[in-house]
Amino acid sequence: MTRRGLVLGSGGVAGVAWQTGLLAGLLEGGVDVLDADVVVGTSAGSTVAAQITSGLPLGDLLARQVDPALQAPELSPVLDADDRLMLLLDAHDGATDALDVRRRIGAMALAAPTITEAERRAVIEARLPSRSWPESGLRIVAVDGETGVERVFDAASGVDLVDAVAASSAVPGAWPPVTIDGRRYIDGSTRTAENADVAAGCERILVLQVMQIPGNSDLDEQVAALRERGARVTVIRPDDAAASAIGPDVLDPAVREASARAGHEQGLRVAASAGAFWR
């Protein structure tokens with residue numbers, strides 16, 4: 001088995017900020033999880049995964065979240081949060097199974113009014129310190145918008161890193177599906193918000209879960225399955241202070257600084273327990 005896996009979940013620009021802050025806090029507390037053998041990123045987590053495997057120090061990545069002068073530019077979706085929610089609820093209505101839900105969400109995403117693919121790609125490119133895949137085991141999850149089937153991109157996939165992150169981050173109804181090899185891909189969280197099972201084969205797996213959706217047990221089920229296969233798994237979620245900083249709209253760029261600072265403080269607080277697990 002591979003030794004250690006790091007799973008970074010979805011959560012919008014707020015999730016990018018909180019996860020970056022948390023990882024920086026862990027490092028300051030003496031826990032360097034950037035030495036993971038496998039790094040799985042979904043949606044916001046794909047941005048963080050690409051950033052932390054780029055070679056840019058975590059302190060610099062944190063500065064890019066808390067210093068407004070260094071923050072990457074972000075755009076606002078055409079549809080507001082309420083409209084996006086209604087489209088998602090409509091996609092779920094009458095679905096026969098999980099794959100059918102993903103296909104319905106994909107159809108909605110393909111039809112929704114959004115900015116152009118080029119505009120969105122420029123946002124993703126500005127976030128990434130490097131446009132090259134790292135030598136480490138980076139895995140980025142997206143979903144085919146027509147078939148609903150997931151695809152895991154890695155260095156061997158032949159797909160540009162920026163395109164892979166943009167596909168994984170293509171929130172249905174908010175951002176345009178991303179065209180890769182003639183297929184249109186949507187947010188990897190359409191499958192599950194963390195896709196922790198993509199780290200199967202690791203002995204120890206640390207999962208960062210930004211969002212807890214009432215009634216959704218996807219992560220619990222994946223963690224249980226990983227443990228049945230012999231893996232040790234720990235999940236870190238935003239504490240009360242971080243959840244308050246993140247707020248109700250994870251796509252709001254205005255919460256980046258507060259979310260990153262709250263994550264940093266939380267990382268310092270949980271470093272001892274995380275270190276005992278990771279080492």
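Buried means under 20% relative accessible area, exposed means over 50%, and partly exposed lies in between (1.4 Å probe, protein chains only). The exercises below use a predicted model, in which local features need pLDDT of at least 70 and side-chain atom pairs count only at pLDDT 80 or more, while totals for chains, interfaces and linings use all residues. Residues are numbered from 1 along each chain as its sequence is written, and side-chain values use heavy atoms, with hydrogens and water left out.

**Exercise 1. Salt bridges within a helix**

Task: Classify the exposure of Arg261 and identify its salt-bridge partner.

Solution. 
Step 1. Arg261 has 44% relative accessibility, so Arg261 counts as partly exposed.
Step 2. A salt bridge is a side-chain nitrogen of Lys or Arg within 4 Å of a carboxyl oxygen of Asp or Glu. Arg261 meets this rule with Glu257, the closest N and O atoms being 3.2 Å apart.
Step 3. Glu257 has a relative accessible area of 30% and is partly exposed.
Step 4. Helices (H or I, at least four residues) and strands (E, at least two) are DSSP runs, numbered from the N terminus. Arg261 and Glu257 are four residues apart in helix H10, so about one helical turn separates them.

Task: Find the salt bridge between Arg121 and Glu125 and place it in its helix.

Solution. 
Step 1. The N to O distance between the side chains of Arg121 and Glu125 is 3.6 Å, and they form a salt bridge.
Step 2. Both residues belong to helix H6 (residues 117-127), four residues apart, which is about one helical turn.
Step 3. Arg121 is partly exposed at 27% relative accessibility, and Glu125 is partly exposed at 29%.

**Exercise 2. A salt bridge between strands**

Task: State which residue forms a salt bridge with Arg183, and how the two lie in the sequence.

Solution. 
Step 1. The partner is Asp144, with the closest N and O atoms 2.9 Å apart.
Step 2. Arg183 is in strand S6 and Asp144 is in strand S3, so the pair ties together parts that are 39 residues apart in sequence.
Step 3. Asp144 is buried, with a relative accessible area of 6%, whereas Arg183 is partly exposed at 29%.
Step 4. For the structure as a whole, the count of salt bridges is 18.

**Exercise 3. A buried arginine**

Task: Describe the surroundings of Arg256.

Solution. 
Step 1. Arg256 is found in helix H10 (residues 256-278).
Step 2. Arg256 is buried and has no salt bridge; Glu74, the nearest side chain of opposite charge, is 4.2 Å away. For charge, Lys and Arg count as positive and Asp and Glu as negative, while His and the chain ends are not counted.
Step 3. A polar contact is a pair of N or O atoms within 3.5 Å; within protein, one must be able to donate a hydrogen and the other to accept it, and residues adjacent in sequence count only if both atoms are side-chain atoms. The side chain of Arg256 reaches the backbone oxygen of Pro253 at 3.2 Å.
Step 4. Contact means heavy atoms within 4.5 Å. Leaving aside residues up to four places away in sequence, Arg256 touches Val13, Ala17, Gln65, Gln71, Ala72 and Glu74.

**Exercise 4. The aromatic pair**

Task: Count the aromatic pairs and classify the geometry of Phe153 and Tyr185.

Solution. 
Step 1. Rings of Phe, Tyr and Trp (its six-membered ring) pair if their centres lie within 6.5 Å; planes under 30 degrees apart count as stacked, over 60 as edge-to-face and the rest as tilted.
Step 2. The ring centres of Phe153 and Tyr185 are 5.5 Å apart and the planes are at 75 degrees, so the pair is edge-to-face.
Step 3. Phe153 lies in strand S4 (residues 150-153) and Tyr185 in strand S6 (residues 183-187), so the pair ties together parts that are 32 residues apart in sequence.
Step 4. Phe153 is buried at 0% relative accessibility, and Tyr185 is buried at 4%.

**Exercise 5. Helix H5**

Task: Check the span of H5 and list what its buried residues pack against.

Solution. 
Step 1. The expected span of a helix is 1.5 Å times one less than its number of residues. For the 14 residues of H5 (residues 98-111) this gives 20 Å, and the end C-alpha atoms are 20 Å apart, which agrees.
Step 2. The buried residues of H5 include Asp100, Arg102 and Met108. The buried residues of H5 pack against H4, strand S3 (137-144), S4 and S6.
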